[in-house]
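Please have the sequence and the structure open side by side.

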Amino acid sequence: MMRLNVFFSVLLLFLSAYAAEAQQPAQTSVLRGTVTDARSNAPLPGVSVFLPDLNIGSASDENGRFEVTGIPPGLHTVVFSFVGYQEQRIEDVRFTSAAPAVLNVALEPETIGLDEVTVTVDRALETNEEAPLSLKRISSTEVGRFPGANRDISRVMRALPGVASTPSFRNDLIIRGGAPNETRFYLDGIEIPNINHFATQGANGGPVGLININLIDGVNFYSGAFPATRGNLLSGLLELEQKQPRLDEWAFTGIVSATDAGLVAEGPLGERTGISLSVRRSYLQFLFDALELPFLPTYNDYQLKLQHDFSPKDRFTLISVGALDRFRLNLDANETPEQRYLLDNLPVYGQWNYTIGGKYEHFRKDGNYTLVVSRSMLENAFYKYPDNDESKPKSIDYVSQEIENKLRFEDVRYRGAWTIRYGAGYELAKYNNRSRYTLATANGQVPVDVNSELKMNKVAIFSQLTRTFGEKWSVSAGLRTDFNDYSQDMNRPLEQLSPRLSVAYSFAPRWQWSASVGRYYQLPAYTVMGYRAPDGRLVNRDNGLTYIRSDQAATGFAFLLPERKARITLEAFYKRYDRYPFSVAQGVSLANLGSDFNVVGNEEVTPTSEGRAYGVEFLYQQRLFKGVYGLLAYTFFRSEFTDAQGNYRPSAWDFRHALSLTAGWRFGKAWELSGRFLFSGGAPYTPYDLEASALKANWEANKQGVPDYSRLNSERTADFHQLDVRITKQFYFNRWSIELYLDIQNLYGYKVRLRDNFDVLRDDQGQPLTDPNNPDAYRYRLLKNESGVTLPSIGVVVDF
């Protein structure tokens, strides 16, 4: 009944907007912006600005500004060309009747690219010398139209090669077999610790994204060959670029989706100062309550950017992003065993975080330098009462904070075919943790009682040297070191030297071969570094905890089809890990943990785990061509870490197969239909130690099964697959426009069987039943655990 109501509500919205649109006269839009030199930021006069599908255009004036009028609303291609510079093509620029579209474009000086015939640069297909194949770019338009993603950047990343899909509600990015906490995120060059609500401390990831794509211009995604300017990562790098705030007039966007509502405002604060601001609030708690789910999440977030140009040579940017998350229990939803199991396990949860940062850029003829200052803070708190009875002492009581104050300087210089980057960074990090709970293991209960404070000074020094050799070769070499005062082992710069090298060779028209090698380091999570024994000792520091190290290599080929706006790549990779933290109590590498509302690493570890991941990736990326676009990505990979005996076993991320097929069709009157099919191999899991799980002491401590890590990841779930579809319609009116969409996740309702949940049997009063053969244990059962539901979602986006 509910799905019928959703369907008819959407149908009514579409018909009402369609009728209103039919009564409006034809609308037109305007394109405005500036064109500058990408290296010096100097304005470029006389640049041709052309819309080829409309055969209209203009040229920039002496200040680099331009304006094109009479543009029909919709999605159009814009081409910028100027003698001595690479021609730049920007697809899918969205024009509405609400406000002029704004494009601020930086053109690169002309060089011979991969294709010797066509020198046009399509921003979605471009690469760079530092990561010839491992860099992929996704535009904000592509993020917004991805089926099943609900305008969430992390879910869009699942469509790219090297990224595996999980059959859960979470946004964990599992890249080339690495754990989610091996990825770093930057917003306009300023690091933000996490891009999701309800983040798992020590493991990253979360169920809902907190970045509003209406403020995003594009995303650069690295799965390897990481630039030396970015450190403390082993598997992935997301560089999110925000749009420059408008300087011409104020514009507003209202968004209502199935999960939240938000407002975006952009406009000038002065002749050279612009600001953009987004605020959102969820109403998931009402939907979950109506569905009688035992948990009620609520989230809020904001996103801010302010930009002031002192002159064409000097620019200051202020960004900030933050979230406030709450998670409470719905105690009335306790009728089924599955509901009662969740109520027994889920804590009451609260989390907030923010990042605020300032960036000063100075441009000169031969390059630019950047100074970045930022502060990030996270507070994570959760608690649990036995049987959710607040008259009893808490069984879990956890409060922790992470604070990072960062300073980074980067300088870029261009010397003919040479590009030189160098810089340094300093960070003052603070961490505190007050926690008390009991960890149940197959060997008994381990009480955790931590009261810890930690302060660290971190330093980074880096450089990157890139050189092109005529039309064929390019080489990029980088060197980085990171060190800190946590311990003597970590305070030795030469111990963390991180060299990297990338080579690309265009051996035929449209063909390119590339290869990269590198050694990368990452700090263990603060939860690991700050863990203290009851006597105050930093236990893991005394155990020799140090930087995690990963040696990586990749090679592959790329083939461009510029006449079809397409790109094909094939790449093989190998990653080797050592010094990974290994849990003493649980007997398992921390690489296998971290995908729930919890905390990872707040326990004793040793730096003794080793791992490896290897595989091959294929990508076919088709930009919009004759009304059709698509993306096909397939990855075969293995991910393994050592167990307590030193034998390699499949890691929790060893899905082996990851397939994503996305296709869309844009047809008349601003309609668009798209679909995405996802497939992942079965996820490994560790079966329960049933006898240890049934012990009364273990059950009362954790209210869930105890994994038998002697059989680490010896079982697998069924393969996961899912089809998502989306239909979108744009309506344009006088000074405002509206987008309506219907998005259906898991169209055919596939359910994947996960590891069953361990639960005890209860009497009519809900009390656990004692095992008649063992008075120290409860009788138990295994509850069927499935994931997968057809989820229709409607959305309304209004520009005014």
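## Strands and a starting point

Strands are DSSP runs marked E of at least two residues, and they are numbered from the N terminus. With that in hand, look at Ser29: this residue belongs to strand β1, which covers residues 29-37. Please keep in mind as you go that the model is predicted.

## Ser29 and its contact

Ser29 has a relative accessibility of 2%. Buried means under 20% relative accessible area, so Ser29 counts as buried. A polar atom of the Ser29 side chain sits 2.7 Å from the backbone oxygen of Thr96.

The relative accessible area of Asp332 is 68%. Exposed means over 50%, so Asp332 counts as exposed.

Arg579, found in strand β32 (residues 566-583), has a positive phi, near 65°, and is a residue other than glycine.

Asn713 is not a glycine either, yet its phi is positive at about 50°. You will find Asn713 in the loop between α9 (696-702) and β40 (715-716). Is Asn713 buried or exposed? Its relative accessibility is 9%, so Asn713 counts as buried.

Technical notes: Residues are numbered from 1 along each chain as its sequence is written. This is a predicted model: local features need pLDDT of at least 70, side-chain atom pairs count only at pLDDT 80 or more; totals for chains, interfaces and linings use all residues. Side-chain values use heavy atoms; hydrogens and water are left out. Buried means under 20% relative accessible area, exposed over 50%, partly exposed in between (1.4 Å probe, protein chains only). Helices (H or I, at least four residues) and strands (E, at least two) are DSSP runs, numbered from the N terminus. A polar contact is a pair of N or O atoms within 3.5 Å; within protein, one must be able to donate a hydrogen and the other to accept it, and residues adjacent in sequence count only if both atoms are side-chain atoms.
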